[in-house]
Amino acid sequence: MNSVILDELYKNIGKYITSDTICKKLNISRIAVWNRIKGLEKLGYKIEAKRSVGYKLVEEGIDIIIPYEIKRRLNTKVFGSNIEYFRLTSSTMDEAQYMIEKGCSNGLLVVSEEQTDGRGRQKRKWLSPKGVNIYASLVYKPHNMSSVKSIALMFATSIAIVEALSDFGIDNAKIKWPNDVIVNSKKIAGVLIETKSESGIIKSVVIGFGVNANLESVPDEIKDTATSIYLELGKKIDRAQLLVNILYYLENLVKLIESDGESKVIEMWENYDTTIGKKVLVISANEKVEGVAEGIDKNGFLLVRTAGDDLKRVVTADSVRFLDEKQ
Ligand code: ATP
C-alpha cells in the first residue's frame with residue numbers, strides 16, 4: 001500500500017496530489033490516507049500537506065533505506081533482487097544465515113537500520129548505531145566455485161565499496177588487508193565473508209559489509225580509529241544510492257571471479273592497497289609477529305617478512321596492525 005502512495009508521490013514530484021487521487025487508487029478513506037502519510041513521514045519522508053490541495057513529496061535530502069528506495073535505484077541483475085529489511089536486528093549476518101537455512105534465493109539482501117550485535121572478524125564487535133549507516137548482508141550461492149576464492153570475494157567487496165565511495169566524492173579510500181576500507185588512516189567500512197563449503201566447493205556465502213555513512217559522531221570505543229562519509233565530506237549522502245552502487249560494482253566483480261578472473265580482482269585490490277610495504281604487527285590466536293608486509297600470494301594471503309627473515313603467511317582471521325599508524 002505504501003508503495004502505491006509513494007509511486008504517486010514520485011510520479012508527481014514537486015507537485016501536490018489530491019487526497020482523492022490516493023483514496024481512489026487504494027479504495028481507502030481520506031483519514032486512512034492521512035494515516036498512511038504520517039507513517040511515511042515516520043520512515044523519514046518529507047511530505048508537505050496543504051488543506052484542500054493535497055500532498056507533495058520533497059525529494060531533496062532523502063536518505064531512506066527501505067526496500068522501496070533500494071529497488072527504485074537498483075541496476076543489478078541478481079544482487080538485491082529480494083530484500084529483507086529490519087529496523088532492528090541482532091546481526092544481518094545471522095539473519096542471512098537463517099534465510100539460507102530456510103532456502104532463500106541467490107542475491108537476497110538483508111539490510112538493517114541498526115544492529116545490537118553487529119560483528120567483524122573473529123566475533124569482534126561492529127558498532128551499529130541507528131539510522132545513519134549501512135549494515136547489509138548479501139546471500140551469494142555460487143555455482144561450482146572453489147573455496148580458495150573466498151578471499152577474492154572479500155577483496156571484491158572492499159573494492160566495490162571503494163569504487164562506490166568514489167562516486168560520492170571520496171576518492172582517496174584505501175584497503176587495509178584483507179577487508180577494511182580506510183580513509184585518511186581511519187576505518188570507514190568493514191567487510192565480513194562467511195562461507196559454507198563442502199569438499200572444497202562453496203555452497204553459500206554471506207557477504208556482509210558495514211559502511212559508516214551519515215554518522216555524525218563516532219562512538220567513544222572507536223573515536224580515534226573510525227570515520228564516516230559525513231565526517232570526511234561534511235555532508236550527508238543518500239544511503240540507498242550508496243548501497244545500490246556497492247551492489248552494482250560487487251555483482252560485476254563477482255562475475256569476474258566466476259569466470260576465473262580473480263587475478264584481475266587481486267590486481268585491482270593491489271591498486272587500492274595500503275598494507276604492502278608497511279611495518280605490521282600480526283596478532284593471531286596464539287602469537288604476535290612483527291614484520292614488513294611484503295606482498296600477497298596468488299590466493300590473496302598476506303606475506304610478512306619477519307625480523308628473523310622468515311616469510312610468514314597470514315590467514316584472514318588474524319588481526320593486522322600498522323606499527324607506524326593508528327590503524
Ligand atoms: P581490528 O580493527 O580490531 O584490528 P579488524 O581490522 O580485523 O580488527 P574487523 O574484525 O573487521 O576489524 O572489525 C571489528 C573492529 O572494527 C572492532 O574491533 C573495532 O575496532 C572496529 N569497529 C567496530 N565498529 C566499527 C565501526 N562502525 N566503524 C569503524 N570501525 C569499527
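## The ligand site

An oxygen atom of the ligand sits 2.6 Å from an N or O atom in the side chain of D180. For K187, the corresponding side-chain distance to an oxygen atom of the ligand is 2.7 Å. N179 has a polar side-chain atom 3.2 Å from a ligand oxygen atom.

## About the model

This is a predicted model: local features need pLDDT of at least 70, side-chain atom pairs need 80 or more, and totals for chains, interfaces and linings use all residues. Residues are numbered from 1 along each chain as its sequence is written, and side-chain values use heavy atoms, without hydrogens and water.

## Domains

The domain assignment gives domain 1 (2-57), domain 2 (67-272) and domain 3 (279-322). Such bounds come from an automatic or database assignment. The centres of domain 2 and domain 3 are 24 Å apart, taken over C-alpha atoms. Their contact (heavy atoms within 4.5 Å) takes 13 residues from domain 2 and 15 residues from domain 3.

## The interface of domains 2 and 3

About 1100 Å² is buried between domain 2 and domain 3, and carbon and sulfur atoms give 65% of this. Buried area is the accessible area (1.4 Å probe) that two parts lose on being put together, summed over both. Which three residues supply 50% of the area that domain 2 buries against domain 3? They are I151, K176 and W177.

Key:
Polar contact = N/O pair within 3.5 Å; in protein donor to acceptor, adjacent residues only side chain to side chain.
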